[in-house]
Number of protein chains: 2
Amino acid sequence: MKELVFVGLGLNDEKGVSLKGLEETRSADNVFIELYTSLMPDFNLQRFEDLCGKKVTLVSRRELEEENGIAILLAAQKGKTVFLVPGDPFIATTHVTLRIDAEKKSVKTRIVHGASIISAIISLSGLHNYKFGKTVTVPFPENFSATPYDVIVQNKRSGLHTLCLLDLKASEKQFLSVNQAVALLMEVELKRREGVVTLDTPAVGVARAGSKDPTLKADFVRGIVDYDFGEAPYSLIFPGDMHFMETESLIAFAGAPAEFRSLAK
Amino acid sequence: MKELVFVGLGLNDEKGVSLKGLEETRSADNVFIELYTSLMPDFNLQRFEDLCGKKVTLVSRRELEEENGIAILLAAQKGKTVFLVPGDPFIATTHVTLRIDAEKKSVKTRIVHGASIISAIISLSGLHNYKFGKTVTVPFPENFSATPYDVIVQNKRSGLHTLCLLDLKASEKQFLSVNQAVALLMEVELKRREGVVTLDTPAVGVARAGSKDPTLKADFVRGIVDYDFGEAPYSLIFPGDMHFMETESLIAFAGAPAEFRSLAK
């Protein structure tokens, strides 16, 4: 069957995939994987091949973005092809073009979802999902702009939390740290003075969501800026207005100081 | 070991769980499950028990919300206890109290994430994750208020998409349909006249995200209001400003009419 199935790998390691994702992979004629749109710190390709009993072809950013994933498309025109992607397959927008190209060539596409960093971080923090505004990525210093700061301002004005994904180059093992991200945002604060990223602003840093030992630390920015979060990947939340159940969650699960209670509205 | 592990079941059926979620369940002394915070249409408890080789105790809304999950807490104070929850365990805020209570009783808690309806719907639609504003739930007519309408207005003013979760009572098999939700929102439109839910507004209805045959239909509201989405569960997206890749995605994956191209900004 001419078919391209996008399978989400979920988080952290080769056992983040769902049972149905593994079944689809086992029954495929061709299996491809990319590991650059997100970091799965404990993922081992050999162990995954042993799990699914298939040879898995690693495709690079260049092959996907410059050559439009032509090898995957050609395989999918011949038989059932699985493309494994970290997290949930289309939360990063990278592979939408491949899916559109496949449908244009009359290759049916399907998605097997996986746990995404987006819902995992919200879930870990205990902050309420429906109180998050727009999500933003904080880029490396060389590409930095005031956009993430503007998003935080816009969300805070509406009382909403901001989830900041921190930029990464997984293949080059480069990760923007929580500490760097906070420092970059504080530089914008010095110019803009909206009061959304000061030393007294509450924030939550997260490392290795989806692993067995995620680090969560909620504190005022003064306590976050030098905090050691350990290994990557990282993300960062700037809470907006908090319900008392949210401040209690941050105290119970993220080591927030007791003063957080006074932030509850 | 005194431990309470919240395991996400992912979407739709018993094979939505991750390999690590299944492993945690297999090695637990006690296993509980709830199936009321979300609908998993093709989930069968007997088949899941066969998969994990454990007796799984179904807990009701009453036991969790009125009796604070005391049976689960007592089990977790004696040995490793797994609590299985649809989707990602804390995307619905229902179980945060149980987690806080466990930590207060010195029971360690961990989370094994699962695919969430939130990321699945975004992933299926091809709309860009970072362009979604606040998420909202549209309640049944008896609890309806203008809040969901207000959220759509607020998001649209910022050019953002709105994900509307549609209310459900999974145990009673009651589901707010896409058609009903659109009709309720249009009633508010008649009074408020902000122009965000008219017959000419683009919208995307989704049914059975995470199943093998999800229904996606993008159209102007006039084409959505009578569309047959089949079986539950349902959700609904009101797009804000769209990039041309987003309109192309809706045309390719959600049967949007070609006029959607003219909406791209």
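What follows is a set of questions and answers on a predicted model.

The model is predicted, so local features need pLDDT of at least 70, side-chain atom pairs count only at pLDDT 80 or more, and totals for chains, interfaces and linings use all residues. Residues are numbered from 1 along each chain as its sequence is written, chains are lettered from A and ligands numbered from 1 in the order in which they are written, and side-chain values use heavy atoms, with hydrogens and water left out.

Visitor: How many helices and strands does chain A have?
Guide: Helices (H or I, at least four residues) and strands (E, at least two) are DSSP runs, numbered from the N terminus. On that basis, chain A comes to 10 helices and 12 strands.

Visitor: What radius of gyration does chain A have, against that of a compact globule?
Guide: The radius is taken over C-alpha atoms, and the globule rule is 2.2 Å times the number of residues to the power 0.38. For 265 residues, that rule gives a value near 18 Å. Chain A agrees with it, at 20 Å.

Visitor: What percentage of the residues in chain A is buried?
Guide: Buried means under 20% relative accessible area, exposed over 50%, and partly exposed in between (1.4 Å probe, protein chains only). Chain A has 265 residues, and the buried part is 60%.

Visitor: In chain A, what share of contacts between residues at least 6 apart in sequence joins residues at least 24 apart?
Guide: Contact means heavy atoms within 4.5 Å. Pairs at least 6 apart in sequence are counted, and those at least 24 apart make up 74%.

Visitor: How are α1(A) and α2(A) set against each other: roughly parallel or roughly perpendicular?
Guide: Axes are lines fitted to C-alpha atoms, for helices over the stretch in contact, and angles run from 0 to 180 degrees between N-to-C directions. Helix α1 (residues 19-26) and helix α2 (residues 45-52) of chain A pack at about 80°, with axes 9 Å apart. Angles under 35 degrees count as roughly parallel, over 145 as roughly antiparallel, 65 to 115 as roughly perpendicular and the rest as oblique. So α1(A) and α2(A) are roughly perpendicular.

Visitor: How many nonpolar residues are in the contact of α1(A) with α2(A)?
Guide: A:L22, A:T25 and A:R26 of α1(A) meet A:F48, A:L51 and A:C52 of α2(A). Ala, Val, Leu, Ile, Met, Phe, Trp, Tyr, Cys and Pro count as nonpolar, Asp, Glu, Lys and Arg as charged, and the others, Gly among them, as polar. The contact of α1(A) with α2(A) has 1 charged, 1 polar and, for the class asked about, 4 nonpolar residues.

Visitor: How many charged residues are in the contact of α7(B) with α8(B)?
Guide: Helix α7 (residues 147-157) and helix α8 (residues 178-192) of chain B pack at about 70°, with axes 9 Å apart. That angle makes α7(B) roughly perpendicular to α8(B). B:P148, B:Y149, B:D150 and B:I152 of α7(B) meet B:L185, B:V188, B:E189 and B:R192 of α8(B). By class, the contact has 5 nonpolar, no polar and 3 charged residues.

Visitor: Which residues of α1(B) are buried?
Guide: Helix α1 (residues 19-26) of chain B is mostly covered, with 6 of its 8 residues buried. They are B:L19, B:K20, B:G21, B:L22, B:E24 and B:T25.

Visitor: Which chain A residue is in contact with B:H128?
Guide: B:H128 sits in the loop between α6 (117-125) and β6 (136-138) of chain B. At 8% relative accessibility, B:H128 is buried. Neighbours within four places in sequence aside, B:H128 is in contact with B:H161, B:H243, B:M245, B:E246 and, from chain A, A:T93.

Visitor: How far apart in space are B:T109 and B:K2, C-alpha to C-alpha?
Guide: B:T109 is in strand β5 (residues 108-112) of chain B. At 10% relative accessibility, B:T109 is buried. B:T109 and B:K2 are 107 residues apart in sequence, and their C-alpha distance is 9.1 Å.

Visitor: Is A:R193 buried or exposed?
Guide: A:R193 lies in the loop between α8 (178-192) and β10 (202-207) of chain A. Its phi is positive, about 55°, although A:R193 is not a glycine. With a relative accessible area of 64%, A:R193 is exposed.

Visitor: What is the relative accessibility of A:N12?
Guide: A:N12 also has a positive phi, about 75°, and is not a glycine. A:N12 lies in the loop between β1 (3-8) and α1 of chain A. A:N12 counts as buried, at 6%.
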